[in-house]
Structure formats: structure tokens, C-alpha cells
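Please read this report alongside the sequence and the model.

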Amino acid sequence: MNYYAADVVFPVAGLAIKKGVVAMDEDGVVKGVFNPGEIDETLIEQFKGALIPGFINAHCHLELSHMLGVVPRRTGLPIFLSTVINERGNHEMKLEEAIEAADKLMYENGIQAVGDHVNSAVTAKIKETSPIKYHTFVEVMATTKEDVVTRIDIAKEIEFHFDYKHSSITPHAPYSCSKFLFKTLKRAISEDNIISIHNQESDEENKLFRYKEGEFLDFFEKMDVVMEDFRAQARNSIQSYLPYYTCQE
Ligand SMILES: [Zn+2]
């Protein structure tokens, strides 16, 4: 057993322990957290600073790593989205390098598990060798009825490239998925499929759902997105789509 102490130890649960001690076996598995004095001092390796359990990055887009610094800040979500969509193709050979650098940066900063959203399989290779544990969420989006089946098929094809135990298909966002997509997807995926949806990231999203107003309408027009059948719901977005996940049919 190895013992590590630091000025402060943060256990997974409970209060921080001043001069706490972490016991770790040869495989790096934490076997216990102790108060100072509970472990023989001579066995302990001392560190300055804090010992903290691995961080979780619950929402990442690793495949957009090459866009770091490209998108201006504080422009609001619809402008952010159109910039990402329009600029994401400008990468030439830098994409893989940027993905590798981002993976490394996360690990070096203590991130040990990541929920990562994808629209392609470009991150599959790095995920196989990275020390980080990834769960890959393959996004699907479609606002028109005729696109739905094709988009789900494409998502399944992309998912095939990732570790099947740690990947799933997810609706992208309430505003980018029609009701028909939500209904069809529910039938197309297994019951234990984990989703991670971009939910109410801006006030504009609720304006769209409640009143069919706001910046999202300009965004859809600019992006040539047809909002087939979209009507004001008199409810916010989560109230509109959640029934597709909680009601038994
Ligand atoms: Zn996202």
C-alpha cells in the first residue's frame, strides 16, 4: 500500500481533511482516506497543496478542439452556434493535433472522465489510447420529417466507431430536434441508452418554445433550417420534450 498526504485532502464524500492521507494500492486504486495520525508518518509521501478526486468534464466537444479562440465570446447562443457551424470545417491538418492537445490538457488538469459529444468519428482514435475514460454521445438532429430516419442511421454509423459500452445516441437540443425525431429516436434506441441533451442553454430557447419568437428564428432563417410544424408550445423546452422520455407508450 502507498500513502499520500497533502495540506488538504478532498474525499469523494464529506468534508475536506486538513493533512489528510490517501491510501492507494499498487494498481492505483484508492483504498481509504484517513485523518492525520491514523497512519504511521514514516510510510507517508508528503505533498504540498490539495489532493482531489479526478474531475469529471460532463460536457465536451473534443472534435471542435481546433476552434479554441475562434469563436467570439458573449455573442449569445444563436450567433455562437452559427459561427461554430460555419467555421468548424476550417482546419486542414490541425484537427487531429488539436484533439490530442485538448485530451492531454484535460488529463494534466486532473480530468479523468469526460462526456463527449460528437457529430463524426474523428475522436475515436484518441479515445482508444487516452488515459481519460470517455463516454461518447453521438448527436442527432433533424427539424424536418423526411430527414429523421437518415439522421438516426448516420448517428448509428458514427456510434459504431466508438467503444459500444461507452457510447450512445442523444438528441442534440430541443430546438434542433422535431417531435417526430424524439418519437422515432425513442423507438430506435435501447432503453438503457444514456442521453445528454443541450437543454435551455439560453433564454432564447424558452422564447422560441413559449412564443415562437426571438433570435433562434433569425438563426434558423440564416442556416436555412426549416422548422416544420413548429408551433409555440406555451411551455418551456424541457416541458415540451420530456414526456417522450418519461411516458410509457
Ligand atoms: Zn455542447
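Into which domains is the protein chain divided? The protein chain splits into domain 1 (2–51) and domain 2 (55–246). These bounds come from an automatic or database domain assignment. The C-alpha centres of domain 1 and domain 2 are 39 Å apart.

This is a predicted model, in which local features need pLDDT of at least 70 and side-chain atom pairs count only at pLDDT 80 or more, while totals for chains, interfaces and linings use all residues. Residues are numbered from 1 along each chain as its sequence is written.

## Overall layout

The protein chain holds nine helices and eleven strands. Both are DSSP runs, numbered from the N terminus: helices are H or I with at least four residues, strands are E with at least two. Along the principal axes, the C-alpha atoms of the protein chain fill a box of roughly 70 × 45 × 35 Å.

Of the 249 residues in the protein chain, 25% are buried. A residue is buried if 20 or more other C-beta atoms lie within 10 Å of its own, exposed if 12 or fewer, and partly exposed in between, with C-beta atoms placed from the backbone. Contacts need C-beta atoms, placed from the backbone, within 7 Å. Among contacts in the protein chain between residues at least 6 apart in sequence, 63% join residues at least 24 apart.

Strands of a sheet pair through backbone hydrogen bonds, either parallel or antiparallel. Here, two strands pair if DSSP finds at least two bridges between them.

The table lists the pairings, each with one pair of opposite residues.

| Strands | Bridges | Opposite residues |
|---|---|---|
| β8 and β9 (residues 111–118) | four bridges | Asn57 and Val114 |
| β9 and β10 | six bridges | Gly115 and His135 |
| β10 (residues 133–140) and β11 | five bridges | Thr136 and Ser167 |

From β9 the chain crosses through helix α3 (residues 124–129) to β10, in a right-handed β-α-β crossover.

## The three-stranded sheet

Another open sheet has three strands in the order β3-β2-β7, with mixed pairing. β3 and β7 (50–51) are its edge strands, and each pairs on one side only. Strand β2 (residues 8–9) pairs with β3 in the antiparallel sense over two bridges. Val9 has Ile17 in β3 as its bridge partner.

## Nonpolar cores

In soluble globular proteins, nonpolar side chains tend to be buried together. A nonpolar core is a set of buried Ala, Val, Leu, Ile, Met, Phe, Trp, Tyr and Cys residues joined through C-beta atoms within 7 Å. The largest nonpolar core has 14 residues, of which Val138, Val140, Ala142, Ile152, Ala155 and Leu181 touch the most other members. β10, α4 (148–159) and α5 (179–188) each supply at least two residues of this core. α4 gives the most, with four residues.

Which residues does Ile152 contact, leaving aside its neighbours within four places in sequence? Ile152 is in contact with Val140, Thr184, Leu185 and Ala188. Another core lies apart from this one; it has eight residues, among them Leu95, Ile99, Val114 and Tyr134.

## Loop residues

Most residues other than glycine have a negative phi. Lys19 has a positive phi of about 55 degrees, although it is not a glycine. Lys19 sits in the loop between β3 (17–18) and β4 (21–24). Lys19 counts as partly exposed because it has 14 C-beta neighbours inside 10 Å.

Lys212 has a positive phi of about 50 degrees and is not a glycine. Its loop runs between α6 (203–211) and α7 (215–222). Lys212 has 14 C-beta neighbours inside 10 Å, so it counts as partly exposed.

Is Glu213 buried or exposed? Glu213 is exposed, because 12 other C-beta atoms lie within 10 Å. Glu213 is placed in the loop between α6 and α7. Glu213 and Gln112 are 101 residues apart in sequence and 41 Å apart in space, C-alpha to C-alpha.

Note on methods
Two residues are in contact if their C-beta atoms, placed from the backbone, lie within 7 Å. A crossover is right-handed if, with the strands pointing away from the viewer, the path from the first strand over the helix to the second runs clockwise.
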